[in-house]
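Trainee: Hi! I've just opened this one and could use a guide. Can we go through it together?
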Amino acid sequence: MIAKEIERAGIPVAAITPISLLSRQTGASRVVAGVKVPNPCGDPELPSESDRALRKELIICALEALQTDVKTPTIFTPKIVYTRG
Amino acid sequence: MKLEMATFPVKNVRFAGRTFYNQTNLDIDKNEITTLVLKDKNIVAADLEVVFPGEEARLAFVRDVVEPRVKVSEPGCIFPGILGAVETVGHGRTHRLAGIAVVSSVQYNSSITTGTVADSRALIDMWGPAAEVCPYSSLINVVLIIKLADGLSELEAHASIQQAHFRVARRLAESTVQLETEDLETFELGDVDPSLPRVVYNICFHVDPWSPLSRVLLYGFPVREGLPLLIHPNEFLDGAVTVDARQGGVSVWQTWMWMNQPMILRLLREHGKRLNFLGVILQRTSFYTEIDKEATAAFASQVAKLLGAEGAIITGIPFIGNTFFGVMLTLKAYEKKGIKTVLLTPEASGGGAGGAPLVFCTPEATAIVSTGDLQRSIDLPKPNKVIGCDRGQLMSETPGEIPLDPWDEIKSKGYSAVEGAVDTWGGTQFTVKEY
Amino acid sequence: MGRARVMHFLNQFFAEIGGEEKADAPLDSVKGPVGPGKRLGSLLGDSAQIVLTVFCGDNYFASHRVEVLQEIAKIGREEEITVFIAGPAFLAGRYGFACTEIAHALNHSLNLPCLTAMHPENAGVVGYREYKDPRVFLLPTSERTHGMEDALKRMAQFVYKLSFGGVIGSASEEGYLSRGIRLTEKTDKTGAERAVDMLLAKLSNQPFMTEIPVTTEEVTPIAPPLREMEGACLALVTTSGVVARGNPDQFKAVSNAKWAKYSVSGLKDMRDGKWDVIHGGYDTVYMSSNPNYGVPLDMIRQFEAKEAQEEGRFARLYPYFYSATGVGGVSSVIKRIGVEMAQDIKSEGIAGVLLVST
């Protein structure tokens with residue numbers, strides 16, 4: 001819902017979230033599929049360098065999303081691998 | 001599997017020289033109980049108090065609530081895996097004291113102070129507006145007040161509190177072991193008319209996967225990363241499912257409620273009459289990624305499918321949030337497999353201010369029962385007596401949260417501090433009407 | 001209590017002045033009932049009397065809204081009106097809009113209970129649902145005037161209840177369109193009993209009534225994409241609950257109603273600063289030891305112009321990140337937080353936002 005209001009003010013939002021369902025419901029139109037709820041921008045189970053690389057990938061994807069023209073809520077999937085479960 | 005539950009109602013409680021039950025009168029030997037509890041070196045002080053419904057008394061630092069029960073026949077014991085060996089329970093005979101509960105009120109120095117694995121504390125008011133929403137305010141509450149030693153890990157704190165709490169509850173129930181009663185109810189999933197609709201009950205809940213503690217314990221086994229399991233409803237009646245003993249409040253369940261689970265009892269009593277109750281699916285939904293939520297939804301619905309279920313009642317967690325998505329995805333998965341669902345849930349209507357009642361809703365959810373707004377604003381008046389907290393001492397619902405003064409009136413935010421006040425399983429008559 | 005004194009509002013058509021050609025007819029009033037008000041008056045019987053009818057053209061209302069509302073309120077006060085009725089408007093959109101606006105205004109200025117009636121798809125229903133005036137009621141009608149007699153009968157019955165000052169029950173019980181005001185109450189059966197009843201009804205294809213209707217989504221506003229990344233100032237926003245050490249703005253772990261912004265000026269990594277994590281909806285152990293998981297400062301710094309060897313670089317990162325704890329919130333509160341935050345972001349000249357939610 002916060003994303004929706006910022007978009008309504010004309011400022012694009014790249015919403016990094018682990019639950020894309022939520023973002024669609026609450027109004028973000030550029031959704032970046034994050035990792036996990038307690039750590040949306042990284043994976044503490046990975047070694048530190050890989051964790052940072054993952055975070056960088058998310059940001060690249062988010063910056064890309066900000067510059068993309070979308071007509072309906074769209075999910076952007078970064079090229080990352082993280083611990084499931 | 002047939003369980004005979006013998007009920008011994010309690011209307012009077014007093015402290016006396018021995019622990020003894022006679023025709024609704026329960027005597028408790030306070031010394032015997034505190035000695036029992038203090039055997040654990042991690043407990044440095046223990047006391048017992050009794051409060052009655054209607055007294056202007058408030059209980060503070062409340063953790064869990066337990067009904068006194070004891071098994072009087074083999075196999076198994078009450079709270080299997082915790083008070084005794086693991087043995088599948090739910091048959092034979094069990095005695096219970098009705099109209100009474102043991103409440104733990106515990107203070108200790110928490111070592112985890114943030115997030116969902118921190119300990120949490122609640123209030124129980126025996127009168128007033130809070131009593132109208134608290135399931136324990138109408139019971140005679142025997143309060144076990146405990147102080148733990150310093151320097152314990154959260155796991156040790158939980159273990160000590162739970163052992164003490166369950167032992168006291170069982171000890172009280174043991175006062176009925178030799179006695180007979182006519183108040184007997186038999187619970188079993190016997191053969192039924194094959195034309196009756198086949199129904200499962202799916203309980204969704206939240207636990208944190210990597211914490212050594214778990215909000216839901218099955219025979220003492222922390223569910224943590226567990227997969228959905230099919231459980232016989234009788235097992236709940238013998239205390240097979242218990243909780244994290246350090247946590248009290250609105251967003252967790254109490255052991256008492258698991259033992260008196262209103263949906264399970266209703267379905268057991270309807271079995272053979274209007275439906276064929278196949279069993280309970282216990283499903284952890286709180287995986288933190290969307291795809292993993294879809295996975296547990298598929299697993300749970302597949303168990304139901306293999307059982308030949310035609311219908312399912314689904315209930316979720318006491319708190320509508322991220323984990324509610326798992327509940328909705330589970331509902332979707334059931335419907336997709338052709339199993340018709342009813343969801344029972346509290347809603348978040350902001351005290352009538354409008355806004356979406358559910359954080360997320362899928363079009364398949366055509367049949368929903370609402371148990372009330374979980375954001376009610378109630379004012380708790382000043383009590384005459386407070387148990388578990390000294391005058392001048394404050395209580396935070398979780399360590400680090402803004403504290404409140406249990407000795408004073410508590411305005412508008414009172415609801416979130418009241419033990420068990422959110423109805424997740426349909427035990428109350430609350431609903432929501434739209435105007 | 002005496003007979004209720006009713007004021008009835010009509011548009012030019014129902015007031016029998018004319019059709020579309022009279023849509024600019026100015027506001028006027030006559031004593032007693034007019035047009036469908038006559039039939040309504042006889043249905044009301046002893047409980048209420050239409051003492052006055054006010055009417056104006058559909059277009060006149062739209063272009064003179066404020067004056068018309070003031071004038072009608074003045075008339076209502078002078079005539080000591082105790083109940084206001086407007087319509088039935090069926091599918092006439094401008095008429096329906098006028099009905100709802102006047103009802104809303106009179107309810108506030110004169111504290112009058114108000115009744116109106118129109119088809120559920122009339123545009124006037126939108127305002128009715130937004131205003132949520134507890135004493136303004138809207139009865140659903142057919143699309144066109146063939147449903148007039150039925151509408152008037154139901155309106156008369158409703159006015160009877162209103163004029164006695166009695167308690168009006170829920171929308172489904174009383175037959176009016178809901179305003180979306182949801183209130184917790186006790187009913188005769190427990191939730192578990194109701195759930196079993198509902199499931200058995202569903203399984204045998206019997207009718208049942210859900211207690212929470214599935215809500216329809218509002219259309220999402222979509223902002224245009226960022227065209228000038230190189231010159232842009234971007235900001236980080238998070239709902240993960242990361243706040244300055246000591247929680248100076250007193251965020252609550254659950255049902256938080258505040259937002260704030262905290263400085264990351266000069267910091268290259270969140271771990272170089274002092275933070276707390278206030279959130280009751282997830283296990284905060286990882287976030288507490290590494291708040292970059294919720295505020296990805298360490299890696300986003302690499303894309304700032306003076307640092308960047310990367311593509312997609314932007315000019316600078318706004319020196320604060322915005323924070324609100326997102327769990328268990330009332331949606332109207334979250335909306336307000338969103339609006340305030342958006343205003344601040346816009347006034348600070350921020351061109352794009354990375355929002356991290358848990």
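Trainee: Let's start with the sheet in chain B. What's the strand order?
Mentor: Keep in mind that this is a predicted model. The order in chain B is β7-β8-β1-β12, four strands making an open sheet with mixed pairing.

Trainee: Why do β7 and β12 of chain B each have one side without a neighbour in the sheet?
Mentor: β7 (69-71) and β12 (184-187) of chain B are the edge strands, and each has a single partner strand, so one side of each is left without a neighbour there. Going from one strand to the next, the twist averages 20°.

Trainee: And how do β1 and β12 of chain B pair, parallel or antiparallel?
Mentor: Antiparallel: β1 (residues 3-9) of chain B and β12(B) share 4 bridges. As an example, Leu3(B) has Phe187(B) in β12(B) as its bridge partner.

Trainee: Which helix packs on that sheet?
Mentor: That's α3 (residues 154-173) of chain B, which touches β7 and β8 (92-98) of chain B. The direction of α3 makes about 95° with that of β8(B).

Trainee: New topic: chains A and C. How many residues are in contact?
Mentor: On the chain C side there are 47, and they contact 42 residues of chain A.

Trainee: Which element of chain C gives the most to that side?
Mentor: α11(C) does, with 10 residues. The elements supplying at least two residues each are α9 (285-289), α10 (297-300), α11 (331-347) and β13 (352-356) of chain C. By class, the side of chain C that touches chain A has 29 nonpolar, 13 polar and 5 charged residues.

Trainee: You mentioned β13(C). Which strand of chain A is joined to it?
Mentor: β1 (residues 13-17) of chain A, through 4 bridges, and the two strands run parallel. Val13(A), for instance, has Val353(C) as its bridge partner in β13(C).

Trainee: Nice. Now the helices of chain C: at what angle do α1 and α6 cross?
Mentor: Roughly 45°, with the axes of α1 (residues 36-44) and α6 (residues 148-163) of chain C coming within 9 Å. α1(C) and α6(C) are therefore oblique to each other.

Trainee: Is the crossing left-handed or right-handed?
Mentor: α1(C) passes α6(C) in a right-handed crossing.

Trainee: Which residues make the contact?
Mentor: From α1(C), they are Pro36(C), Arg39(C), Leu40(C), Leu43(C) and Leu44(C). From α6(C), they are Met148(C), Leu152(C), Lys153(C), Met155(C), Ala156(C) and Val159(C). By class, this contact of α1(C) with α6(C) has 9 nonpolar, no polar and 2 charged residues.

Terms used
Residues numbered from 1 in each chain as written. Chains lettered and ligands numbered in written order. Predicted model: local features only at pLDDT ≥ 70, side-chain atom pairs only at ≥ 80, totals over all residues. Pairing = 2+ DSSP bridges. Axes fitted to C-alpha atoms, helices over the stretch in contact; angles between N-to-C directions. Contact = placed C-beta atoms within 7 Å. Nonpolar A, V, L, I, M, F, W, Y, C, P; charged D, E, K, R; others polar. Parallel < 35°, antiparallel > 145°, perpendicular 65-115°, else oblique. Left-handed = near helix turned anticlockwise from the far one by under 90°.
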